[in-house]
Amino acid sequence: MTETTTATTKVKTARHVASSFGLPEMPKFEMPNMEMPEAFREMAEKGVAHAKDTCEKAKAASEEAADLLENTYAVMAKGLTEYNLKLIEIARTNTRAAFDCTHELLGVKSPSEFIELSTAHMRKHFDIASAQNKELCALAQETATEAAKPLNTGVSKAFKKAT
């Protein structure tokens with residue numbers, strides 16, 4: 001009977017202290033002190049070790065992937081810069097050619113000379129434009145190939161590790 005009265009007094013005191021601070025009453029759960037079986041402890045330790053190992057592998061893989069993407073972006077940025085510089089060079093060349101053609105056409109004295117000069121300019125410009133397009137295509141293809149090299153290397157490494 002004394003134990004019941006003592007327990008009731010402890011609960012009332014805990015309620016009084018909790019309610020004086022405006023906090024809800026928190027039930028107290030005490031865990032029984034019992035020994036874990038050795039097999040369960042080993043299984044838990046193996047699980048923790050496996051989780052740590054998996055986490056380390058994931059961290060290493062994500063760092064490799066970040067490096068791979070960084071290298072790929074660097075190669076692409078370099079290639080795109082070269083491509084854009086080539087486009088600017090082509091635009092300058094074509095603008096100069098257009099001004100030269102216009103200057104020549106201003107000196108024409110007859111309609112037949114105008115047609116002859118403009119036709120010659122069109123042929124010349126078509127040949128130049130074809131060569132420029134081939135050059136741009138080759139540059140774009142080279143950039144794509146160079147950008148794919150780090151990706152191919154990284155994917156090959158990943159598959160070798162997986163097997």
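Here's a quick briefing on the fold, the surface and the salt bridges of this protein chain. The model is predicted. The protein chain has three helices and zero strands, so it reads α-α-α starting at the N terminus. Across the whole structure, a search turns up five salt bridges.

**Fold and surface**
- Of the 163 residues in the protein chain, 9% are buried.
- Take the contacts with a separation of 6 or more: 72% of them are between residues 24 or more positions apart.

- Helix H2 covers residues 38-106 and holds both Asp53 and Lys57, which sit four residues apart, about one turn of the helix.
- The Asp53 and Lys57 side chains pair up in a salt bridge at 3.5 Å, N to O.
- Asp53 is partly exposed at 37% relative accessibility, while Lys57 is exposed at 55%.
- Lys86 and Glu89 make another salt bridge, with their closest N and O atoms 3.5 Å apart.
- Lys86 and Glu89 are three residues apart in helix H2, about one helical turn.
- Lys86 counts as buried because its 16% relative accessibility falls under the 20% cut-off; Glu89, at 43%, is partly exposed.
- Lys86 and Glu89 also belong to a salt-bridge network that takes in Glu135.

- Helix H3 spans residues 111-162, and Glu146 and Lys149 lie in it three residues apart, about one turn of the helix.
- Their side chains, Glu146 and Lys149, meet in a salt bridge at 3.1 Å, N to O.
- Glu146 is partly exposed at 35%, and Lys149 is partly exposed at 44%.

Terms used. Residues numbered from 1 in each chain as written. Predicted model: local features only at pLDDT ≥ 70, side-chain atom pairs only at ≥ 80, totals over all residues. Heavy atoms only, no water. Helix = DSSP H or I, 4+ residues; strand = E, 2+ residues; numbered from the N terminus. Buried < 20%, exposed > 50% of the residue type's maximum accessible area, 1.4 Å probe, protein only. Contact = heavy atoms within 4.5 Å. Salt bridge = Lys/Arg side-chain N within 4 Å of Asp/Glu carboxyl O.
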